[in-house]
Amino acid sequence: MTEDNPEASPSGFDLNKSSIIALLYLGGLIVGVTGLVGFILAIIWKGEVEGTWEESHLQYHIMTFIIGFVVGIAGIVLSFILIGIPILIALFVWFIVRSIMPLLKAQKQEPMPDPKTFLF
């Protein structure tokens, strides 16, 4: 606990809902299923955080999963004609950035500026 933020952990890392989902998404790049767990948690927790800074984060995480899933399927299908490979590489980078950005903002407890954007 700190004087500035009584809810912050003593280690300096605030393990809030948004941080948990971002870490699950990043872990999903290695394990796979944790990304789906993060998506389900984002949907479940979205109703609990209405009106707080975390609401924009959970909307951002939900959009990240949906867009990533759709583009990932398209990239896999298109990889048979080789155009999907650069799409999948770009998706990989995009997904990492979209997972790290809310993780950093969640540590400052700042809302996401535009949670429904396709970019960053």
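I noted the rule for a pocket: on a 1 Å grid over the protein atoms alone, where a 1.4 Å probe fits, it is an open set of points with protein on both sides within 12 Å along at least five of seven lines, and lining residues have an atom within 4 Å of a point. Of the 15 lining residues, Leu 29, Gly 68, Phe 69, Leu 91 and Phe 95 are the closest to the pocket centre. Each of H1, H2, H3 and H4 supplies at least two lining residues, and the largest share, 5 residues, is from H3.

**Ground rules.** I number residues from 1 along each chain as its sequence is written, and side-chain values use heavy atoms, with hydrogens and water left out. Because the model is predicted, local features need pLDDT of at least 70 and side-chain atom pairs count only at pLDDT 80 or more, while totals for chains, interfaces and linings use all residues.

**Whole chain.** I found 4 helices and 0 strands; helices (H or I, at least four residues) and strands (E, at least two) are DSSP runs, numbered from the N terminus. The order of elements from the N terminus is α-α-α-α. The C-alpha trace spans about 55 × 25 × 25 Å along its principal axes. Of the 120 residues, 38% are buried (under 20% relative accessible area; exposed is over 50%, and partly exposed lies in between, with a 1.4 Å probe and protein chains only).

**Core.** I then checked the largest nonpolar core, which has 14 residues. Such a core is a set of buried Ala, Val, Leu, Ile, Met, Phe, Trp, Tyr and Cys residues joined through side-chain atoms within 4.5 Å. Ile 21, Tyr 25, Phe 39, Ala 42, Leu 58 and Trp 94 have the most contacts inside this core. Two or more core residues come from each of H1 (17–28), H2 (33–46), H3 (53–78) and H4 (84–107). H3 gives the largest share, 5 residues.

**Thr 64.** This residue lies in H3 and counts as buried because its relative accessibility is 0%. Its side chain makes a polar contact with the side chain of Arg 98 at 2.8 Å; the rule is a pair of N or O atoms within 3.5 Å, where within protein one must be able to donate a hydrogen and the other to accept it, and residues adjacent in sequence count only if both atoms are side-chain atoms. Leaving aside neighbours within four places in sequence, I list Tyr 25, Trp 94, Phe 95 and Arg 98 as in contact with Thr 64 (heavy atoms within 4.5 Å).

**Ser 19.** I placed Ser 19 in H1; it is buried because its relative accessible area is 0%. Not counting residues up to four places away, Ser 19 touches Phe 13, Asp 14, Leu 103, Ala 106 and Gln 107.

**Positive phi.** Most residues other than glycine have a negative phi. Leu 82, in the loop between H3 and H4, has a positive phi of about 70°, and Leu 82 is exposed at 61%. Gln 109, in the segment after H4, has a positive phi of about 55° and is partly exposed at 24%.
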